[in-house]
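Colleague: Could you walk me through this one before my class? I would like to start with the overall picture and then go inside.

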Amino acid sequence: MRARAGTPRWLLPAALLLLALCLVASASAETLREKLDATQSKLDDVRAGQGSLAATIAEQNRAIDSMLGEVSRLRREQQALEAELAEKQAELDDATAELEAEKRRLERIRKRLQRALAVLRERLVAIYETGSPDVVNVLLESETWSQASVRAEYLSRVQDYDDAVAGRVKGLRDEAKATVARMAELRRRLKGARDEIAAKESEAAEASAEAAARFAELKAAQARRQQQLDRLQSRESALSDNLASISEQLAGSGAPAPSGTPAPLTPGQTAKFISPSQASVPSAAPAPVKAAIEAANSIATAPYLWGGGHGSFSSPGYDCSGAVSFALNGGGFLSSPLDSTGLETWGAPGPGRWITVYANAGHAWVLIAGLAFDTSGGAGPRWHPSPVYTSAGFILRHPPGY
């Protein structure tokens, strides 16, 4: 049968080619969908099988937090023992200086006593050789009353001098005895101080060794947890990347890509910077967010303390993850503290509308109602009118729904 008159000869082959291309494209799309479904199934299987691994990591987080708190406590005890040791050493130094001063004082007293004894010996020899003057004989031998008065005055002065020499000798002996007694007490104090220093040095050495051992255990536990985290994330990441690539191929170049960025807060929903130790609580914020801000305010004057806020939320100071954990606990988002690595897998991935935690293996900070709360750039956990860091190098997490 011939083609209808007026119909171009190339039309039929072109139609057949177009049909073939459509069939190929349909088959290709079907293949991509099959790959997408298969990859999604694998990803679902991986995520379903992560429950036990996630439970292991959660248990490791609790153990690491406990060790962080214990190491922090041991370090504070070590510092307290070292301070006591320095105090005892100062007491020992003071007692030693005082003993040396008493030794010099005793030496001066002994020299004065020797001189006084020499004078006393001379007077005793003189009295022995000449006899003790008799006042009655002196008066009888005097030719005039004036002469008798002068001689009596002289005898009185001689007697006073002899009494003074004897009194001086006695006083110096008493003073020497008192100095010797004080020196004995100082030596007793020195021995006690040396014994206490030896005991404190032993305690400080034991505390230091215990802290070092627990810190080594902490680092080993963190390394084991990191291996688990890598296992948890690597397979899922590879499958997610593959899934995204297939989805892009299916959607084509004109398909819109979801941003996943939360809606921005309005002015009435953002916290305001009042001072490093205080942020305003926005009236339009949800109650848990308000509570988190109030919790952060309550520790925004605390000093930085390594390991502070771990093992227990109550602490004399806080480190970066301890401060973030305290604020999250105040809002009811966290029941026990996490270190910065633990915060990498806490909550839901990505930024939150109200709260975003920024975490990596070395640091963590949090953005609450648009205001940064961080231990960097200050003496401890403080509010910052603008973040100290960008998001680069951090894993972003948020409380689900916030």
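This is a predicted model: local features need pLDDT of at least 70, side-chain atom pairs count only at pLDDT 80 or more; totals for chains, interfaces and linings use all residues.

Colleague: Now the inside: which residues touch the most other members in the largest nonpolar core?
Modeller: That core has 35 residues, and the ones touching the most other members are L328, L343, I355, I368 and W383. At least two residues of this core come from each of α5 (287-298), α6 (320-330), β4 (355-359), β5 (364-368) and β6 (371-374).

Colleague: What about a second core?
Modeller: There is a separate one of 16 residues, and L85, A176, M183 and L186 are among them.

Colleague: Why would such residues gather like that?
Modeller: In soluble globular proteins, nonpolar side chains tend to be buried together.

Colleague: Back to α5, which of its residues are buried?
Modeller: The buried residues of α5 are V289, A292, I293, A295, A296 and N297, and what covers them includes β2 (278-279), α6, β4, β5, β6 and β7 (382-384).

Colleague: How far does α5 reach from its first C-alpha to its last?
Modeller: With its 12 residues, α5 reaches 17 Å, which is close to the 16 Å expected at 1.5 Å a residue.

Colleague: Last one, what share of the contacts links residues 24 or more positions apart?
Modeller: Such pairs account for 69% of the contacts with a separation of 6 or more.

Note on methods:
Residues are numbered from 1 along each chain as its sequence is written. Side-chain values use heavy atoms; hydrogens and water are left out. A nonpolar core is a set of buried Ala, Val, Leu, Ile, Met, Phe, Trp, Tyr and Cys residues joined through side-chain atoms within 4.5 Å. Buried means under 20% relative accessible area, exposed over 50%, partly exposed in between (1.4 Å probe, protein chains only). Helices (H or I, at least four residues) and strands (E, at least two) are DSSP runs, numbered from the N terminus. The expected span of a helix is 1.5 Å times one less than its number of residues. Contact means heavy atoms within 4.5 Å.
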